[in-house]
Amino acid sequence: MQERQIGSRTVSAIGFGEMPLSIEGRPDRTQAINAIHASLDSGVTLIDTADAYSLSTEEHGHGERLVAKALATYGGSTDDVLVATKGGHRRPGDGSWTVHGDPAYLKQACEASLVALGVEAIGLYQYHRPDPSVPYAESVGALADLLDAGKILMAGISNATVAQIDEAQQVLSGRLVSVQNEFSPRFRSSERELTHCEDIGVAFIPWSPLGGIRQADRIAVEFPAFAEVAAEAGATPEQVTLAWMLAKGTRVIPIPGSCRPATAIASAAAADLTLTPEQVARLDAS
Ligand SMILES: NC(=O)c1ccc[n+]([C@@H]2O[C@H](COP(=O)([O-])OP(=O)(O)OC[C@H]3O[C@@H](n4cnc5c(N)ncnc54)[C@H](OP(=O)(O)O)[C@@H]3O)[C@@H](O)[C@H]2O)c1
């Protein structure tokens, strides 16, 4: 499978987003582990999760424990797998997501993630979402301290603007390796951040690349060009969506989520689907 760089690590050009396996509507544990295993079987070496991928505060770390279990029970080697997690969101239990960017809280959340993942250092730790009540530099400063302490090996941010990317890069003394923002055919406004990441050599990780949980079918309906190109390429509109993102920059690594092994396998295959410049231009214009 085509590979890309996140900081010092080489990973598959398509990752796996764990969130649908841990939040509302999630499948049973066996199916969830089968979906992760199918993704690993397909050559995926980036798994994205978060402490808040759970149904409630009491259940925080659900997704991280699930990923740890899937890796521990996988038949093949997992040496090359980079697990990326996040801190800064909480699930109070009423379906909502709250933000918590206090540096002391983030350090405490990181300690809990280390336990949930069963590791001594986290491969990639991402600040989940800016907290308007805490200066951004203070929240990102917690990641700098965690890097210095060896608790995390690489630092990333999520849901950030271009200005916040630059601020984070400064606070981290040039050690920012990734930015995870929403990006899909329907949600293109973070193309600014995608381009900026390309310019400064930082990985750009589109979240909800297929429009979100149970929304993938809408791509072909809302953006017929994706269905047209899919027919030309002998692929599905979802695979064309992922290939289109890969064509938009050498630093782009989408993380589609899957509850089913079949969709995990289909998404991974998109890493090797190459679109012509004319097809990419048509999709851009659609
Ligand atoms: N940083 C953030 O704030 C943030 C926010 C949201 C999400 N995320 C991350 O981004 C990841 C991806 O986002 P997401 O899970 O919300 O949505 P998504 O990846 O846009 O879409 C997931 C849906 O697409 C379907 N699907 C996946 N691959 C497919 C394929 N090849 N063909 C057809 N359908 C396919 C899945 O179906 P099945 O379930 O039936 O397999 C699932 O319903 C999350 O898992 C999470 O790790 C981050």
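I start with a network of salt bridges that links Glu228, Glu232, Glu278 and Arg282. Please keep in mind that this is a predicted model.

The structure has 13 salt bridges. Another of them joins Asp148 and Arg175, with the closest N and O atoms 2.9 Å apart. Asp148 belongs to helix 4 and Arg175 to the loop between helix 5 (162–171) and strand 10 (176–182), so the bridge ties together parts that are 27 residues apart in sequence. Is Asp148 buried or exposed? Asp148 is exposed, with a relative accessible area of 57%, while Arg175 counts as partly exposed at 31%.

A local case is Arg218 with Glu222, a salt bridge of 2.8 Å, N to O. These two are four residues apart in helix 7, which puts about one helical turn between them. In general, an α-helix has 3.6 residues a turn, so residues three or four places apart point the same way. Arg218 is partly exposed at 37% relative accessibility, and Glu222 is partly exposed at 31%.

The largest nonpolar core has 72 residues, and the members touching the most others are Ile36, Ile152, Ile157, Val240 and Leu275. Helix 4, residues 136–148, supplies the largest share of this core, seven residues. What does Ile36 touch? Leaving out residues up to four places away in sequence, Ile36 touches Phe16, Leu21, Ile47, Leu66, Val67 and Ala70. There is also a second, separate core of 12 residues, with Ile6, Val11, Leu46 and Ile253 among them.

On to helix 10, residues 261–269, whose buried residues are Ala264, Ser267 and Ala268. Viewed down the axis of helix 10, these residues fall within an arc of 100°, so they line one face of the helix. Their cover includes strand 3 (16–17), helix 1 (29–41) and helix 9 (237–247).

Last, the cysteines. Cys110 is buried at 0% relative accessibility, and Cys197 is buried at 0% too. With a cut-off of 2.5 Å between cysteine sulfur atoms, the disulfide count is zero.

Technical notes
Residues are numbered from 1 along each chain as its sequence is written. This is a predicted model: local features need pLDDT of at least 70, side-chain atom pairs count only at pLDDT 80 or more; totals for chains, interfaces and linings use all residues. Side-chain values use heavy atoms; hydrogens and water are left out. Buried means under 20% relative accessible area, exposed over 50%, partly exposed in between (1.4 Å probe, protein chains only). The arc is that of the directions from the helix axis to the C-beta atoms. Contact means heavy atoms within 4.5 Å. A nonpolar core is a set of buried Ala, Val, Leu, Ile, Met, Phe, Trp, Tyr and Cys residues joined through side-chain atoms within 4.5 Å. A salt bridge is a side-chain nitrogen of Lys or Arg within 4 Å of a carboxyl oxygen of Asp or Glu.
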